[in-house]
Every structure is written in C-alpha cells, then in structure tokens.
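Subject: Structure for your review

Dear colleague,

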Amino acid sequence: MALAVRAFLQPEELPLKDFFDTWKFKILIGIAVFLVGIMAYAGANDRLTAAPQELLSVAVAPFQKAAAMVSSGVSSLWEKYTNIDNIIAENQQLTEENAELRRQMVDYDRIKAENEAYKALANIQSSRPEMSCTSAFVIGRDPLDPFYGFTLDQGSVDGIEVNDTVVSDEGYLLGMVVEVEATSCKVMTILHPNFNAAGVVSRTRDNGIITGNADYAADGACVLTNLNRNTLTQKSDQVITTGLGGVFPADVLVGVVKEVVPEVSGKSSIAVITPGTDPRTVRHAFIITNF
Amino acid sequence: MESRRKRSRSQIIKWVCYTLLMLLCTVLQTTPGLFQLGDAKPLWLLPLALAVAVEEDEFAGGIFGAVCGLMWDYTAGRTVGMLAFELLVLCFLLSAVVQLYFKASAANFVLLALGASLLVLSLDWLFFYYMPGYSGAVERYLWFVLPTAVFTIPVCALVFGCVRRIHAEFKIDNGIV
C-alpha cells in the first residue's frame, strides 16, 4: 500500500508503450471493472447511490449549503438586470390582478363566513393537523437534468423518506423524493415524465394523471393526461391531487390549466398545466413527511 | 535537490490542493442558478479532471478522473459509477494523447477539453434523452448540449491555469538542469 501511495505521489517517467505492462495499468483496469460492477449493482437493485456516497454526502452537503446561500444573492441580482423587461410587464399584470382580487375579497369574506358556518355544521376540520412538514432549502441542481430535478438539504436523519411529497411555500406540488441520503435528498419534479400522480380538475371533477412531458418541460409546464376527449376543462381551471394511491395527500394544489390539447391518438385530451410554483427556479420547499 | 521527505510532503500538499479544487468545482457546478444562461450551465468537474490528467501522468490522472466522476455521480443523483467510468477512460486517453501527439499548451487543452465535453454531453443526451424517446431531442441538442459545451470553454482555460499553477508550484526538483 505504502509503495502504491509513494508511486502515486512521485510518478516515474515511463515511455507510454511500457505503461501497459505495468501494475499501474492493471490497477486502472481494476478500478474500471469495479466502477462497472457497482454501476451494475446499483442498476440491478434499482438504487441510484451506494453506501460510500452516503458518507460523501455528509462531507459535501455543508459546502453546497454555503454556496447556495451565496449564489442566492448573486443570482437574484443577476436576474434583476436580465429580466427587467419581464419584471415591468409582470408588475403591470400583477397590479391589475391585485385590483381584481381586491374586488373579489368582498365576495370572498362573505363566502368564507358561510363556509365557516357550513364547516361547523358538518364538523369538518378546517385544517389538517395530521399533516407534518419539514422545511428544506434547494442546495443543488444537476446541470444535465432536462427535467430540473434538485437536491434538498434534509435527509434520513430529519425523517425524510422516499416517496415523500414536496410542495412549495405556497402549497403547490413540486415533486416527490426519489432518493434519500443521511443529510440530503433528491427530488423528481412534476416536469419529469416518470412522475405520476392522480389529479383532478377542481371545477369539472375530470380525473387524470399528472405527469411530465418532454414537450412542455422546458417551458416549466406539466400535463394532466387521460382526460375525456369532450372534456369541459378549460383554461385557468385549477388542478389538484386526488390522493388516490396513497403516495400524495389529497387536495394538494398543482397549478392552473394553460390549454387543452388532443392526445396524439385523438382518443383523449391532455391539459397542459402551468404549475403554481415553477420547479425550475424554486429555492425553498416543504417536504410532507406524514399526512 | 530536494530530500525525499520534503518531496513527499510537497506532493501530498499538491494533491490536497487538487482535492480542494475538486470540492470547489463541485459546488460551482451544482449551485442552483450560478453562471446559468438559458438552460445551459458550464461544466466544472470535467475540465478539472482533464487538466489534472494533462499535467500529471495517465495513472494519477485516470484515478483523479474516476474520483471526480464519482463526485459528479453523487451530486447529480445518477447511477453511481457511470460518469466515474467515463471520466476515468477520458482522462487516461487525454493524458496519453497529449504525451504522444500534443504540446501541453492552454490552447491545445481547451480544444481537447471542448471535444471531451461535447462527447460526454452528447453521450448523456443520447442515453438519457434521445434513446428514451423524449420529444424535441434535436432542440435539446441545439439549445442545451452545444451551449453548455461552449460555456465550458472559459472554465477550461481558468481551471487549466489553476492546475498548471499548482503543478508548477509543487514540481519535483530532481536536480537535473
């Protein structure tokens, strides 16, 4: 071992053609075989990481947290200058929406009072005390992931488990935990085609499957598939989860319908959903650990 | 001429510097939104592994490439060993190619690293986007793979400069003039 370390630190000058006969080359081949082996093991066990990486995650997580904090300031400054036109347009739109919402507030207060009364009558709980959430910050993103998966700074020591639901600060569905390390976890977003959750259009009660689609992922949109061809769903309808299957809680907000388009075969329709919170840029989330 | 102990110590410090540089590159590569233009974000770990392979020999470069690849696998949440294997082979080949055919200059390195980046990005696109049959594969290649490779060029020059500086700082003085 000492010989190998010394040789590594003080490389001998060998012609390359002789290198293939040395023990160093055999070590490289050994490492390559080992890597292929653990890759095959990870693939066969449907597990993305192995035990050594869990140890690695403990060492790297603090660096990622620190960098995420620094970059949060830098990138928000950067975004301010690069998106100034969008921000002005958005500001104007929000001002108009704000005025509309103020008008709706009057109706809302009345409906809320009525609703409270109905709830009292039906003895329905106004909140869901059985639901427990854990606050988490986004500490890493894979630049090669076309579906914007990210890493959160909470892991198994914080009680996070695979398949836990991830929502934004505003309560919109962002994705689900697909892998848990000791101090961090990986999230598959609702933009990923492998993501599947039972969903319903709240106005029409049309059922479907919330999933990602490569056509819309780059625009930050997901889809509700399997809708009836003659669905009454239309633009601006709210989409929520049904809780069917037990993986996701019921009535979690997803977003609003952007458009309804026919499925390729023409047998059903697809509702393109603009998520309430954009999973591409989110920096903080809540993980629902119990519901 | 340096004593053997002094030489060993300087070589250990050199590899500690490379390791710290690897941690820094990992953080820069995975930090959300940092240096991002559109969908594209430059790669940091790949240029570092290649630069070390060029400055050191093919054995050390290959092993360092595998370690960088493992770090990339972990931070990206990918199947462990895949990028590690890719980087091991790439670093070994690049080191051998530079020793046999190229002068280890910054310009040559940037060109070779650009080719290697394109290869890694194209393989990733092929296996994880094109072959699963996702739509918009050509657009993905044009608007993500190519810009990412282009954005990696300045990183290559910067990382190569850092690695060359570290290598020169801890160069073994064997007394030969």
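Which residue of E5(A) does Gly175(A) stand opposite? The residue is Thr189(A). Please bear in mind throughout that this is a predicted model.

That position belongs to a pair of strands in chain A. Strand E4 (residues 173–180) and strand E5 (residues 185–189) of chain A pair in the antiparallel sense, and 5 bridges join them. In general, the strands of a sheet are paired through hydrogen bonds of the backbone, in either a parallel or an antiparallel manner. Both E4 and E5 of chain A are part of a closed barrel of 6 strands, whose order is E1-E2-E5-E4-E3-E12 with antiparallel pairing. From one strand to the next, the twist averages 40°.

As for chain A as a whole, it contains 6 helices and 12 strands. Of its 291 residues, 32% are buried. Among the contacts in chain A with a separation of 6 or more, 58% are between residues 24 or more positions apart.

Chain A also touches chain B: 47 residues of chain A are in contact with 48 residues of chain B. On the side of chain A that touches chain B, the elements giving two or more residues include helix H3 (23–44), helix H4 (51–82), strand E1 (132–141) and strand E2 (150–152) of chain A. The largest share of this side comes from H4(A), with 11 residues. By type, the residues on this side of chain A divide into 29 nonpolar, 11 polar and 7 charged.

The axes of helix H1 (residues 4–30) and helix H3 (residues 58–76) of chain B come within 11 Å and cross at roughly 30°. Because angles under 35 degrees count as roughly parallel, H1(B) is roughly parallel to H3(B). The crossing of H1(B) past H3(B) is right-handed.

Which residues meet where H1(B) passes H3(B)? From H1(B) come Tyr18(B), Met22(B), Thr26(B) and Thr30(B), and they meet Phe64(B), Cys68(B), Met71(B) and Thr75(B) in H3(B). The residues of this contact divide into 5 nonpolar and 3 polar, with no charged residue.

Yours sincerely,
A colleague

Key: Residues are numbered from 1 along each chain as its sequence is written. Chains are lettered from A and ligands numbered from 1 in the order in which they are written. This is a predicted model: local features need pLDDT of at least 70, side-chain atom pairs count only at pLDDT 80 or more; totals for chains, interfaces and linings use all residues. Two strands pair if DSSP finds at least two bridges between them. Helices (H or I, at least four residues) and strands (E, at least two) are DSSP runs, numbered from the N terminus. Axes are lines fitted to C-alpha atoms, for helices over the stretch in contact, and angles run from 0 to 180 degrees between N-to-C directions. Two residues are in contact if their C-beta atoms, placed from the backbone, lie within 7 Å. Ala, Val, Leu, Ile, Met, Phe, Trp, Tyr, Cys and Pro count as nonpolar, Asp, Glu, Lys and Arg as charged, and the others, Gly among them, as polar. A residue is buried if 20 or more other C-beta atoms lie within 10 Å of its own, exposed if 12 or fewer, and partly exposed in between; C-beta atoms are placed from the backbone. Angles under 35 degrees count as roughly parallel, over 145 as roughly antiparallel, 65 to 115 as roughly perpendicular and the rest as oblique. A crossing is left-handed if the near helix is turned anticlockwise from the far one by less than a right angle, and right-handed if clockwise.
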